[in-house]
Amino acid sequence: MTRLVPSGPVPPGSGWPEDPATPATPVADGPESVRELSATAGTLAELTARQSVCRACPRLVEWRERVAREKRRSFLDEQYWGRPISGWGSDTPRILIVGLAPAAHGGNRTGRVFTGDRSGDVLYASLWRTGLAAQPTSVRAGDGQRLIGARMVAAVRCAPPQNKPTVAERDACAPWLTAELGLVAGDLRSVVCLGHFAWQAMWPQLAAAGFAVPRPRPVFGHGAEAAVRRAGQEDDLLVIGCYHPSQQNTFTGRVTDAMLDQVFLRARDYAAPHDVA
Ligand code: SF4
């Protein structure tokens, strides 16, 4: 018997596991309303709900929903999430992991950041080996995976064509990260930036959150580090660069399992002696 699989994006609050939104969640329809709705969310739960229904970037909304309708052949029997990917993980993280944007058939399909594609497979395996994830795999929302003392976000929350958001889309999405960083910054001890785009995106975010950002900005590289401090805090926040675990980087050996583990162990150990569990 043929099973009818719903097509297109998942309606908010319709039963998708880990869906943070409800039909009543307010929807941003442009950069101005992203600024307003991110600044007034108040809690992480409401912020992630609002992120997950955003429609501020017409090109990205059209793309993510078209991908969710048309699907890849190997996933024809699955419903795609087709919405923005909210920050995910601990509500009081010691470690923040920042990526570029969700993949069309990864996060855009599964509804969870870095989940459902090869990059995510490599990344979660490393997080598990280094004690930051409860399971070695992250397959779909509701699979029991959880991050331990860590939170993961994308600098741009919607899957872009060719994995390339425009500058205007990056800027439109930035207030979601600004607000999220503001809500978790008090607990943070380290930030891991996956790739040059995330590294570049984080400096203005850290400055907006009140951290003293070095000038000139530190140069990105695998294992590059910079310590920043927020007025009134006693400890530095350690920002660490990490090559992105993209297929291109992992296939060519530019980044290996050992190199990823090295970065996450550094981030984890820097968070000690605080309890990251
Ligand atoms: S990229 Fe960000 S601002 Fe643009 S539609 Fe997606 S969530 Fe909204």
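This is a predicted model: local features need pLDDT of at least 70, side-chain atom pairs count only at pLDDT 80 or more; totals for chains, interfaces and linings use all residues.
Local features need pLDDT of at least 70 and side-chain atom pairs count only at pLDDT 80 or more, while totals for chains, interfaces and linings use all residues. Residues are numbered from 1 along each chain as its sequence is written.

Six strands form an open sheet in the order S1-S3-S2-S4-S6-S5, with mixed pairing (strands are DSSP E runs of at least two residues, helices H or I runs of at least four, numbered from the N terminus; strands pair if DSSP finds at least two bridges between them). Strand S1 (88-89) and strand S5 (225-228) are the edge strands, each pairing on one side only. S1 pairs with strand S3 (residues 150-154) in the antiparallel sense over two bridges, and Gly89 stands opposite Arg151 in S3.

The axes of helix H6 (residues 167-184) and helix H7 (residues 196-208) come within 10 Å and cross at roughly 50° (axes are lines fitted to C-alpha atoms, for helices over the stretch in contact, and angles run from 0 to 180 degrees between N-to-C directions). H6 is therefore oblique to H7 (under 35 degrees counts as roughly parallel, over 145 as roughly antiparallel, 65 to 115 as roughly perpendicular, the rest as oblique). Arg170, Leu177, Thr178 and Leu181 of H6 make the contact with Ala201, Gln205 and Ala208 of H7 (C-beta atoms, placed from the backbone, within 7 Å).

Of the 15 residues around the ligand, Cys54, Cys57, Arg157, Cys158 and Cys173 come nearest (C-beta atom, placed from the backbone, within 6 Å of the molecule). H6 gives the most to this shell, with three residues.

Key:
Two residues are in contact if their C-beta atoms, placed from the backbone, lie within 7 Å.
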